[in-house]
Amino acid sequence: MQMIEANGARIPALGLGTWQLNDRVGARIVEQALRLGYRHIDAALIYGNEKEVGEGLHASGVRREDIFVTTKVPHTELTPPALERAVKQSLANLRLTDVNLLLIHWPNPQIPLAETIGAMCKMKKEGYARHIGVSNFTVALVEEAVKLSSEPIVTNQIEWHPYLDESLVQAACKKHGIAVTAYCPIARGRAVGDELLTRIGAKYGKTAGQVSLRWLIQKGAIVIPRTSKVERLTENMTIFDFELLREDMAEIDRLAKPAGRVVKVGWAPAWD
Ligand SMILES: NC(=O)c1ccc[n+]([C@@H]2O[C@H](COP(=O)([O-])OP(=O)(O)OC[C@H]3O[C@@H](n4cnc5c(N)ncnc54)[C@H](OP(=O)(O)O)[C@@H]3O)[C@@H](O)[C@H]2O)c1
């Protein structure tokens, strides 16, 4: 597994997204993914399925120290006491004593970031999280978080796929040694039917989805595709045995549009 190093963390470049993987499907897909060689699982308290994710982790037979587990604190739980409660709830759900990475799921302008970052650092210092990071942070928020944090921030998890240009956020992260984790890396399935990605994929014997994931990997991102189908787990992980040519990367770059987001969240702050 290719690893991304960021401010002291070693993060597998491919992880499994778990949003909407509920009930038995969640447990089964997590278990199967780990058996197939996935070593990074992306969870969140707000997904409501951490218990199932935990079941899959424990059923896989893969040793805890070989799995990189991320979870996230919801935007509603960012005051220090709420954050601490949320983290303990996540660990109980997952049946783990710590996570590898704890993220602020979304920024919340109603709660001072200094307080939230302070609580995140405390969680790290007390051993509940080996590393901390952020998600859905703009350039300005990344700069603010870095200034406020006594502990290194290792990733900013953001929406990223060929229909979005995230070069500004990526540059801001890079300046501080922060890795970018790309969520919705196949644009919630949109990339799978894309004509250009399909045409480029045919040259390499790859699917459009694999091209989307590979394009992100070559940009230096960590990718966390989700599937509820066991047979697609292998497809989504077979992205390290080919390399897109520079001209193909450039052609894919041209798919980005200002309105290219697939995630629309009414309450989220404006993006820069
Ligand atoms: N931090 C945040 O705010 C945030 C926001 C959104 C997501 N995330 C994380 O990022 C993960 C990934 O994002 P996402 O789940 O929204 O979208 P995604 O991974 O881009 O796309 C998932 C969709 O693509 C389909 N799919 C997956 N592999 C496929 C394949 N090989 N061929 C055809 N279809 C395929 C899946 O359907 P099937 O199940 O039918 O395969 C599913 O409908 C999430 O699960 C979550 O862990 C984080």
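Reply: What follows starts with the helix and then moves to its surroundings.

This is a predicted model, in which local features need a pLDDT of at least 70 and side-chain atom pairs count only at pLDDT 80 or more, while totals for chains, interfaces and linings use all residues. Residues are numbered from 1 along each chain as its sequence is written, and side-chain values use heavy atoms, with hydrogens and water left out.

Helix 7 covers residues 195-204, and its buried residues are Leu196, Leu197, Ile200 and Gly201. Helices (H or I, at least four residues) and strands (E, at least two) are DSSP runs numbered from the N terminus, and buried means under 20% relative accessible area, exposed over 50%, and partly exposed in between, with a 1.4 Å probe and protein chains only. Seen down the axis of helix 7, the buried residues fall within an arc of 130 degrees, so they line one face of the helix; the arc is that of the directions from the helix axis to the C-beta atoms. On the other side of helix 7, Glu195 and Ala202 are exposed. The cover over the buried residues of helix 7 includes helix 8 (208-218) and helix 10 (246-253), where contact means heavy atoms within 4.5 Å.

Just after helix 7, Gly205 takes a positive phi of about 70 degrees.

Arg188 lies in the loop between strand 9 and helix 7, and Arg188 has a positive phi of about 55 degrees although it is not a glycine. With a relative accessibility of 42%, Arg188 counts as partly exposed. Arg188 is also among the closest of the 28 residues that surround the ligand, together with Arg226, Thr227, Ser228 and Lys229; a residue is near a molecule or strand if one of its heavy atoms lies within 4 Å of it.

One lies 2.6 Å from an N or O atom in the side chain of Ser228, one lies 3.3 Å from an N or O atom in the side chain of His105, and one lies 3.1 Å from a polar backbone atom of Cys184. Taken alone the ligand exposes 900 Å², of which the protein buries 90%; accessible areas come from the Shrake-Rupley method with a 1.4 Å probe, and for residues only the protein chains shown count as cover.

Thr181 counts as buried at 5% relative accessibility, and a polar contact of 2.8 Å joins its side chain to that of Thr155. Leaving aside neighbours within four places in sequence, Thr181 is in contact with Thr155, Asn156, Gln157, Ile158, Ile222 and Ile224.

How values were computed:
A polar contact is a pair of N or O atoms within 3.5 Å; within protein, one must be able to donate a hydrogen and the other to accept it, and residues adjacent in sequence count only if both atoms are side-chain atoms.
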